[in-house]
Amino acid sequence: MTTQSSTTTTPADPRPATAGPANTQPARFLLLGDSHAAPIGRAAKAAGIPFIGGPLGAGRDFNARFLDLRDGDLVFRKPEAQEYYRRFLDELGVAALGELGVPLVSTFGFNVHTFATTENWACYRLPDGDFAPGFLTSRLFEEILRAMARDALAFYRHARRLELRVLAVLPPQRVPAMSDPQVFSAAQRTIADTLAPLGVELVDLRARVTDQTGFQRRELCEADDPIHGNLAFGRLILADLLDRGL
């Protein structure tokens, strides 16, 4: 049965699951992303907002070497991700991304805690363990980040070349123990600063979801999970999307 919304059962589970009976309303957006997309889909489903899409897999799989461009359309290298992508387009009644008639919402490229894995940056630290002054705002750092996220950035560039309305959602402000908070913040800024000139709209709720520490408020965090936001966080994102006219 064709449905008008897809999401996952929990934010930590990246697999989209078809949601309920078909909604008679047309989908208001296409959601493509990693597991950070799950709370958005759950919030939309709970609110009765029709959409198509959901996570295509885990965030670590959608940074580099995950897609190709063939015949003017995207081809995801993982068969499962490609299957979901094609199913979502079919549900929207389009043959390719360029035919999309609704906004595209994505979390690709903002799985920044993986970029910030502490051991990735050991060779750039001074003997005292700190980074050299200015390193995290340097051209070298930005080039490294863009290389790490190259296919995610290519995804957005392709969508904008197709003149789609594209909205990229910044991640929950949560840094697991394996990651460096300074690199997390710098990586997030670098990806956002790269996308903005492309005309990608940034859904940035940092000022609304963080406490005095600069990290995600507890009531917006998925319980027993060091990375994801919960349904309440998804509702805030959805409200922002609706305020933008989606």
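Predicted model: local features only at pLDDT ≥ 70, side-chain atom pairs only at ≥ 80, totals over all residues.
Close-up 1. Helix H1 spans residues 38-47. Its buried residues are Ala38, Pro39, Ile40, Gly41, Ala43 and Ala44.

**Close-up 2. The aromatic pair of phenylalanine 62 and phenylalanine 76.** The structure holds 17 aromatic pairs. In this one, the ring centres of phenylalanine 62 and phenylalanine 76 are 6.3 Å apart. Phenylalanine 62 sits in the loop between strands S4 (52-55) and S5 (67-70), while phenylalanine 76 belongs to strand S6 (residues 73-76), so the contact ties together parts 14 residues apart in sequence. Phenylalanine 62 has 3% relative accessibility and counts as buried. Phenylalanine 76, at 2%, also counts as buried.

**Close-up 3. The aromatic pair of phenylalanine 66 and phenylalanine 108.** Here the ring centres of phenylalanine 66 and phenylalanine 108 lie 5.6 Å apart, with 50 degrees between the planes, so the pair is tilted. It links distant parts of the chain, 42 residues apart. Phenylalanine 66 lies in the loop between S4 and S5. Phenylalanine 108 lies in the loop between strand S7 (104-106) and helix H3 (112-115). Both phenylalanine 66 and phenylalanine 108 are buried.

**Close-up 4. The aromatic cluster around these rings.** Phe62, Phe66, Phe76 and Phe108 belong to one aromatic cluster. Tyr85, Phe155 and Tyr156 are its other members.

Conventions
Residues numbered from 1 in each chain as written. Heavy atoms only, no water. Buried < 20%, exposed > 50% of the residue type's maximum accessible area, 1.4 Å probe, protein only. Helix = DSSP H or I, 4+ residues; strand = E, 2+ residues; numbered from the N terminus. Phe/Tyr/Trp six-rings, centres within 6.5 Å; stacked < 30°, edge-to-face > 60°.
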